[in-house]
Amino acid sequence: MTNEKALILSNVLTTIETEYFKIDSKFEVPKKLFYTVAKNISKLKKVITEKKELDDTVMKDFKKDFEFDDEKAKDDDYVKDANSKYREYLETEVVKEQYSEFMNGEFTGELRKVSSEVLDEAILPSAFLEVLEETILE
């Protein structure tokens, strides 16, 4: 599985976990699925940390390259200009290559799996079920 799919899975799992604890949730999550979700969230933390580190590195490089001034950042016009330049910076070939390399990299963690019977008991959005079937189905 690529890092990109791992990040998508992490978002799905985090949402399922959040919904599990809501009293008025429209999701129905069997306990066995919930425990698998919780275990896999912790197994995916590494890829999330790596993505955050990449984001932080890109931001630091941007601030250095464009001589970002934290004092001037109190001015709304300066922030708007900086945000515009940052969006342009994200479109540069070097930055796009860094993100592409990361997203296409292989997630090497071992995920806990569930049976199709467990997923059949769950009431989740179809897009979530598709992600789960693709990634954690036995």
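1. A residue counts as buried when its relative accessible area is under 20%. By that cut-off, 34% of the 138 residues of the protein are buried. Note that this is a predicted model.

2. Secondary structure is helical. The protein has seven helices and zero strands. In sequence order the pattern reads α-α-α-α-α-α-α.

3. Overall dimensions come next. The radius of gyration is 19 Å, whereas a compact globule of 138 residues would have one near 14 Å. The C-alpha trace spans about 55 × 35 × 20 Å along its principal axes.

4. Now the core. The largest nonpolar core holds 34 residues. Leu 9, Ile 16, Leu 33, Leu 44, Leu 124 and Leu 132 have the most contacts inside it. Helix 1 gives the most, with six residues.

5. Leu 44 deserves a look in the viewer. Leaving out residues up to four places away in sequence, Leu 44 touches Ala 6, Leu 9, Ser 10 and Leu 13, along with Phe 107 and Leu 111. Leu 9 is also listed with Leu 44 among the core residues with the most contacts.

6. Last, surface and charge. The accessible surface of the protein comes to about 9,300 Å², and carbon and sulfur atoms account for 50% of it. There are 22 positive and 33 negative charges. Their mean positions are 4 Å apart.

Technical notes:
Residues numbered from 1 in each chain as written. Predicted model: local features only at pLDDT ≥ 70, side-chain atom pairs only at ≥ 80, totals over all residues. Heavy atoms only, no water. Helix = DSSP H or I, 4+ residues; strand = E, 2+ residues; numbered from the N terminus. Rg over C-alpha atoms; globule rule 2.2 N^0.38 Å. Buried < 20%, exposed > 50% of the residue type's maximum accessible area, 1.4 Å probe, protein only. Areas by Shrake-Rupley, 256 points an atom, 1.4 Å probe, with all protein chains shown as cover. Lys, Arg positive; Asp, Glu negative; His and termini not counted. Charge placed at Lys NZ, Arg CZ, Asp CG, Glu CD. Core = buried A, V, L, I, M, F, W, Y, C linked by side-chain atoms within 4.5 Å. Contact = heavy atoms within 4.5 Å.
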